[in-house]
Every structure is written in C-alpha cells, then in structure tokens.
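Biologist: I would like to learn how to read a model like this one. Please take me through it feature by feature.

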Amino acid sequence: METENKKILLVEDDPNFGTVLKDYLAMNDYNVTHAKNGMEGFEKFKKDDFDLCILDVMMPYKDGFTLAKEIREKNAEVPIIFLTAKAMKEDVMKGYKVGADDYLNKPFDSEVLLMKIKAIIQRKATDSIADSKQFEFEVGNFHLNSKLRFLTYKKEDSIKLSPKENELLRMLALHKNDLMPRELALTKIWRDDNYFTSRSMDVYIAKLRKYLGKDDGVEIINIHGEGFRLVVKDEVDN
C-alpha cells in the first residue's frame, strides 16, 4: 500500500516525543501535522482532510477521548489510533467506545505503530472499493452486469451467475489487476471469515475460473495467504 502523501494528524502534548514521532513517520513518507493539545488538534482537523489520526489520551485542555468524539461527529470514517501511558482496561474500552480503530500503550515499538497504520489505511481503502456502486465491468472479452448477474463472452449468450458467483466476480473486477484480500471477500460476501467459508470461496473461485477459461488473456491468480488477483493480461502489458 502506498503511504506517500497520506495525511496523518498527530496530537501529542509531549513536545520531544511528538517531534521524534512526527520525524519518524515523515521518514516513512507520511505527511504529518503535529498538534500539541486537543484544542489545537481539533482546529487543525477542521482545516484539512486526514487519512488517519493518532491521538494521545492524556492531554491538557482537551483529552484524547473528547477530541475523538468531536472528530467522529465531523467524520465517522477517519481511522483513529490512541496512544496512552495507562494500560487500564477501562481506558481501552472507553477508547473503542468513542470510535478507536486501534490502541497502543507507551512505550511502544515504532515499527509496530507503522504496521498498524499501514494495515488500517489498507483496510479502509479496500472497504471503500468494496462499497463501490459500480455494477458493469469489462474483463478482457467478457462483460459483467452484476445488477442482472449476467456474464457475457463476446457475442455469445449470457451466463446467469449465482448470487455468490456474481458478488465474488464483481469484487475481483473492482480490484482488477490488483490484490483482492481474501478476508475482505469473506466478510463482505459470506459475512464470516473461518475455515469453512474460506473453503467455500475456493469452490466459487474454481467455478469462476471455468467460466473465464474461454479468454486466454484473463486469469484468476492465487496469492498465497493473501487473496486473489483477477489479471487481464493485455491491460497489464500495456
């Protein structure tokens, strides 16, 4: 997942720690805005669009929980990570109740924070793709109308896909020539991510491969442990 130009709002009242963390994230290609307290953080949040917020919990003037509530009132989707020196269960629960996506106790490994940021931004991006309203797709010599569940090869008669075949192919088409994460399809289509739903999806992938076999330029590739790619070779070559 590209991190370059992703905007992060960092709200941290410890000036030394805040500066070090800002510089570390900037070294990893994030565009970081640093606010030194909750009031300043909210003013900066209102003036820009951020891809993720990192909020210290204990701050003067306005704590992280209060700031998170205000942020959530303006933007229900922006990811929030809390930083805290307190490891109390009540604080963790309170953080999740006001809309936290993740939580880190100080001191923490900066690489762990980096991994969490990447995972959250990746998840938000794939969720937004999966929620797309697009329903017609060109896949090589195939045309998919996911509203009617018709898959058509050239001038041949259309195949009527089953609901799950249709949703799976639509999701693959939305990620065409890119990774479609396995867990995304399982949670969006099967509403569960476990061994049995995973095996069920493999069966549907095999069915789709059979349908798409008419076009040598179209292939569903298994990315081991991660998901699938619907590859249209002419488009990749170009």
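**Reading the model**

Modeller: Start with one residue. Leaving out residues up to four places away in sequence, Ser146 touches Gln134, Phe135, Phe137, Asn166 and Arg170. Contact means heavy atoms within 4.5 Å. This is a predicted model, where local features need pLDDT of at least 70 and side-chain atom pairs count only at pLDDT 80 or more, while totals for chains, interfaces and linings use all residues. Residues are numbered from 1 along each chain as its sequence is written, and side-chain values use heavy atoms, with hydrogens and water left out.

Biologist: Where is Ser146 found? Is Ser146 buried or exposed?

Modeller: Elements first. Helices (H or I, at least four residues) and strands (E, at least two) are DSSP runs, numbered from the N terminus. Ser146 sits in the loop between strand S7 (142–145) and strand S8 (150–153). Now burial. Buried means under 20% relative accessible area, exposed over 50%, and partly exposed in between, with a 1.4 Å probe and protein chains only. Ser146 has 8% relative accessibility, so it counts as buried.

Biologist: How many helices and strands does the protein have? Which domains are assigned?

Modeller: There are 9 helices and 12 strands. Domain bounds come from an automatic or database domain assignment. Here that gives domain 1 (7–130) and domain 2 (133–232). The C-alpha centres of domain 1 and domain 2 are 36 Å apart. Along the principal axes, the C-alpha atoms of the protein fill a box of roughly 70 × 40 × 30 Å.

Biologist: What do the whole-protein totals say about burial and contacts?

Modeller: Of the 238 residues, 42% are buried. Take contacts between residues at least 6 apart in sequence: 54% of them join residues at least 24 apart.

Biologist: How should I read a record annotation? Which feature does UniProt place at Asp56?

Modeller: With care. UniProt positions are given in the numbering used here, feature names are shortened, and annotations may be inferred rather than shown by experiment. At Asp56, an unreviewed UniProt entry places "modified residue: 4-aspartylphosphate". Asp56 lies in strand S3 (residues 52–56). Asp56 counts as buried because its relative accessibility is 4%. Beyond its neighbours within four places in sequence, Asp56 contacts Val11, Glu12, Asp13, Gly64, Leu83, Thr84 and Lys106.

Biologist: Lys106 is one of those contacts. Which residue does a cis peptide bond join to Lys106?

Modeller: Pro107, with omega about -10°. Pro107 lies in the loop between strand S5 (102–105) and helix H5 (110–130).

Biologist: Where does UniProt place the "DNA-binding region"?

Modeller: At residues 134–232, again from an unreviewed entry. Over residues 134–232, the chain is 39% helix and 29% strand. The end C-alpha atoms of that stretch are 18 Å apart.

Biologist: And backbone angles? What is the phi of Asn177, and what is the phi of Arg191?

Modeller: Asn177 is not a glycine, yet has a positive phi of about 65°. Asn177 is in the loop between helix H6 (163–174) and strand S10 (179–181). Arg191, also not a glycine, has a positive phi of about 65°. Arg191 is in the loop between helix H7 (182–190) and helix H8 (195–212). At 66% relative accessibility, Arg191 counts as exposed.

Biologist: One last residue. Why does Tyr30 count as buried?

Modeller: Because its relative accessibility is 4%. Tyr30 is in strand S2 (residues 30–35). Tyr30 and Lys7 are 23 residues apart along the chain, with their C-alpha atoms separated by 6.2 Å.
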